[in-house]
Amino acid sequence: MKKLWILASTAVAALGLSLAQTSVKVGVILPLSTVGGKAALNGIQLAADEANAAGKVRLELVAVDDGNAADKAVPALTKLLTVDKVDIVIGGLGSGPTLAMAGPVKQYQPLFLAIGAASSLVENAFTGYDNFFHFHPWDYHNVAAAMDFFKHLYGQGARKIAILYEDGPFGSSGMPTYRKLLQEAGYNVQAEPFKTNTGNFTAVLTRFKSFQPDILYWIGYDWDALPIATQARQVGLKPKLIYGAPPAWPIGFDKNPSSNDVVGMSAWLPSVSNAESRNFVAAYKKKYGEVTEEYMAPMGYTIVKALTAAVTAAGSAEKDKVAEALAKVKLSTPFGPLAFKPSDTGKTKYQGFDSSIWFQFQYLGGARRQVYPAQGAARPIRYPGSY
């Protein structure tokens, strides 16, 4: 009887091992004090909680702050790779910090899952690194989506565009292409850079007054939105449209009168009607008690969902096996279908989303309303806007 009990116990133990979770330690490096960074971390944590509850995969997250600055990002990443001993990293929201992280990534060879970092300078830096998976569209995808919108506005009579862009990789890398394409589309273009994190745009906005632009287009981050919208009014610049392209918008911007009629580009809003988006909104609200409008939240959520699927398929936490499985993942997401392919330039092997996920919204009545393209629009764009 004792022998039978031992055999039974051994069988149960073996069954337990076969059903054991695959445990993975995942490093997360984001600008945690920013709107986009906080939203991304919330989405990442939500998907990790769902994976852990499902039982097949156990994700342990180790989050660090990159400060949205290269001099903070490199030591923070190095700590993840050498002290915390992670082999899989989710991060790379800002292009500048991600560009700086390319060196240590190539040195320590983690599986790097990029949530943002749209600059093609980042694509160049990671060329040939096959454990780099870029989920977010590249800057040339952003350009394509914006150009489609600008061509629509050209048909509405717009002819002059003033572009105010931050002088880091995010703002500056696509500028030659933007200028060329806009001029080819018939626009007269005046463009000036601004110092990242300056907060004071009065001088350049005043110079734009004599140009009398139909469109004021700014390329920067969430903290630039309110100063630009406010200072444009203060100097008497009266474009027919103020258009912005940050990766996130500041909390409470919709409640400020200066947001009225401002237009932006996004990959997602909670009004997106596909099933995965609805499920994400419900789960996010249940966990955090609110509904986000920042697309970095579902982007982080999508990355962890894809990672979970890859770890499950690989049956292993070993980064190369996970990478091999991730390359084959096909996933329905809040943005639509996800499958990896080489980037348009061929410089990176695994690109997720492209220009098709972008749409334009406008702040109307204290809320973001999708206005372009017409398919999926909540209402027509208000052009000219009132500033």
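This is a predicted model: local features need pLDDT of at least 70, side-chain atom pairs count only at pLDDT 80 or more; totals for chains, interfaces and linings use all residues.
**Figure 1. The side-chain contact between S258 and T230.** The side chains of S258 and T230 are joined by a polar contact of 3.5 Å. Because its relative accessible area is 9%, S258 counts as buried.

**Figure 2. The salt bridge between E50 and K305.** In total, 12 salt bridges are counted in the model. One of them pairs E50 with K305, and the closest N and O atoms of this pair are 2.7 Å apart. E50 belongs to helix α2 (residues 35–54), K305 to helix α12 (residues 296–314). The pair thus connects distant parts of the chain, 255 residues apart. E50 is partly exposed, at 26% relative accessibility. K305 is partly exposed as well, with a relative accessible area of 29%.

**Figure 3. The salt bridge between D130 and K349.** D130 and K349 form a salt bridge whose closest N and O atoms lie 4.0 Å apart.

Figure 4. A salt bridge joins the side chains of R368 and E293, with an N to O distance of 3.0 Å. R368 is part of strand β15 (residues 367–372), while E293 is in the loop between α11 (275–288) and α12. These two residues are 75 positions apart, and their pairing links distant parts of the chain. R368 is buried, with 9% relative accessible area, whereas E293 is partly exposed at 26%. E294 is shown too, as salt bridges with shared partners join E293, E294 and R368 into one network.

Figure 5. The peptide bond from Y372 to P373 is cis, and its omega is near 0 degrees. A cis peptide bond also joins Y383 to P384, with omega about 0 degrees. P373 is located in the segment after β15, and P384 is likewise placed in the segment after β15. Strand β15 covers residues 367–372.

Figure 6. N197 is not a glycine, yet its phi is positive, at about 70 degrees. N197 is found in the loop between β7 (188–194) and α9 (202–209). With a relative accessible area of 52%, N197 is exposed. Q212, which is not a glycine either, has a positive phi of about 55 degrees. This residue is in the loop between α9 and β8 (215–219). Q212 has 59% relative accessibility and so counts as exposed.

Figure 7. D87, E318, D320 and E324 form a negative surface patch. D87 is in the loop between α3 (70–82) and β3 (88–91). D87 has a relative accessibility of 41%, and therefore counts as partly exposed. Residues are taken into a patch only if their relative accessible area is over 30% and they have no salt bridge.

How values were computed
Residues are numbered from 1 along each chain as its sequence is written. Side-chain values use heavy atoms; hydrogens and water are left out. Patches are made of residues with over 30% relative accessible area and no salt bridge: like charges are joined within 9 Å, nonpolar side chains (Val, Leu, Ile, Met, Phe, Trp, Tyr) within 5 Å. Accessible areas come from the Shrake-Rupley method with a 1.4 Å probe; for residues, only the protein chains shown count as cover. Lys and Arg count as positive and Asp and Glu as negative; His and the chain ends are not counted. The place of a charge is taken as NZ of Lys, CZ of Arg, CG of Asp or CD of Glu. Helices (H or I, at least four residues) and strands (E, at least two) are DSSP runs, numbered from the N terminus. Buried means under 20% relative accessible area, exposed over 50%, partly exposed in between (1.4 Å probe, protein chains only). A polar contact is a pair of N or O atoms within 3.5 Å; within protein, one must be able to donate a hydrogen and the other to accept it, and residues adjacent in sequence count only if both atoms are side-chain atoms.
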